[in-house]
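Here are my notes on the model you sent over.

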Amino acid sequence: GGASALADMLKYNTSIASLDLSCNRIGPVGASALTDALKSNGTLTTLGLYTNGIGDVGASDLAEMLKSNTTLTALHLANNDIGDVGASALADALKYNVSITTLHLANNDIGDVGASALADILNCNMIITAINLHGNNIGDVGASALAEMLENNTALFMLALDDSNKIDRLVEINREAESEEEARRRKSMLRIEWMLDAEDGGAQYEAAVALALREMGRFPDASHRRELLRTLLGSAERGADVAASVETVPRGRQLYSFATESRSEPNVFMKVLRAHPSLCGTCRDIEHKLYPFMLLATIPEAEVGDVMELLLLCPSLVRSGVNMR
């Protein structure tokens, strides 16, 4: 057929860079013929196969081609009856492909399994910058997998999915951030906000604390640590509950340490100590026992009541006998 003739031509052609075969009903057989040619073609960079009914078989053949092709950068496969099998095959191919930057899979039959397979590979593939998944059968499981992937992926500038504000916000950060580090920092803040706003809020508080502690360990910048702590504990409505959700002494001590070292705002600092008043008495030397009091006393925003409350929470500061005049 026509697709086979074109395939023969592509085996030897050294000039065509873009080929659009949309709406030609080439089917899986035609797709297979094209993929055989593209395994050796070194000039084609864009291939359009919209609305050709290639199905999972055709998509799987294309996936095999992608494992060896190093010149194709854009592949358009919208409206092709591709399901989870085809999407999973394409995802597997992206483990090896080093050239594809744009993949269009809109209006297919991809469900949660295919979306999760794509999300899994996109956790480590930082070459693809745009992927279109509009009009598929992706549910909450697949959408969550893609959103979780975007928390780490900083290369995607476009991921189109039906009704997903969360994904849109993560992709927007990728587009706007001036560096990978900035993107990761902003995403960690957003993830903490989402955890704290979850319907099962209380159950998510401890997870939000764990994420904040991990991020503060990764990024030593004091201003970023203050911002993380402000997001985590700054809310008047839930900040105290979040602090109280920390059940282990080591984790509470970590919060306390980061709050003091980054000179967090008094309201953040006090929420930690109200929930865990024993923390300031666990230090072995008097200098560190006095540190929270000295910190509050020197922060312009601190209220006298905060300082007095701290002394009541930590009577060891008074018993120390140190002259605080």
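The points below start with the whole chain and then move to a few local spots.

1. Ground rules. This is a predicted model, in which local features need pLDDT of at least 70 and side-chain atom pairs count only at pLDDT 80 or more, while totals for chains, interfaces and linings use all residues. Residues are numbered from 1 along each chain as its sequence is written, and side-chain values use heavy atoms, with hydrogens and water left out.

2. Overall picture. The protein has 16 helices and six strands, taken as DSSP runs numbered from the N terminus (helices H or I, at least four residues; strands E, at least two). Of its 325 residues, 50% count as buried; buried means under 20% relative accessible area, exposed over 50%, and partly exposed in between, with a 1.4 Å probe and protein chains only. Take the contacts (heavy atoms within 4.5 Å) between residues at least 6 apart in sequence: 74% of them join residues at least 24 apart.

3. Asn 108 sits in the loop between β4 (102–104) and α5 (112–122). Is Asn 108 buried or exposed? At 3% relative accessibility, Asn 108 counts as buried. Its side chain reaches two backbone oxygens: that of Leu 105 at 3.0 Å and that of Ala 106 at 3.2 Å. For polar contacts, the rule is a pair of N or O atoms within 3.5 Å; within protein, one must be able to donate a hydrogen and the other to accept it, and residues adjacent in sequence count only if both atoms are side-chain atoms. Beyond its neighbours within four places in sequence, Asn 108 touches Leu 77, Ala 78, Asn 79, Asn 80, Asp 81, Ile 82, Gly 135 and Asn 136.

4. Its neighbour. Asn 107 is in the loop between β4 and α5 too, but it is partly exposed, with a relative accessible area of 45%. Have a look at its backbone: phi is positive, about 55°, although Asn 107 is not a glycine.

5. The α12–α13 loop. Another positive phi turns up at Arg 263, near 55° and again not in a glycine. Arg 263 lies in the loop between α12 (249–261) and α13 (266–275) and is partly exposed at 42% relative accessible area. Ser 264, in the loop between α12 and α13, is buried, with a relative accessible area of 0%. Its side chain makes a polar contact with the side chain of Ser 262, at 3.2 Å.

6. The α7/α8 pair. How do these helices run relative to each other? The axes of α7 (residues 165–176) and α8 (residues 180–197) come within 9 Å and cross at roughly 160°, so the two are roughly antiparallel. On α7, the residues that meet α8 are Lys 166, Arg 169, Leu 170, Ile 173, Asn 174 and Glu 176, and their partners on α8 are Ala 183, Arg 186, Lys 187, Leu 190, Glu 193 and Trp 194. The residues of this contact divide into five nonpolar, one polar and six charged.

7. One arginine in α8. Arg 185 is placed in helix α8 and is buried, with a relative accessible area of 18%. The C-alpha atoms of Arg 185 and Ile 173 are 10.0 Å apart, with 12 residues separating them along the chain.

Terms used. Axes are lines fitted to C-alpha atoms, for helices over the stretch in contact, and angles run from 0 to 180 degrees between N-to-C directions. Angles under 35 degrees count as roughly parallel, over 145 as roughly antiparallel, 65 to 115 as roughly perpendicular and the rest as oblique. Ala, Val, Leu, Ile, Met, Phe, Trp, Tyr, Cys and Pro count as nonpolar, Asp, Glu, Lys and Arg as charged, and the others, Gly among them, as polar.
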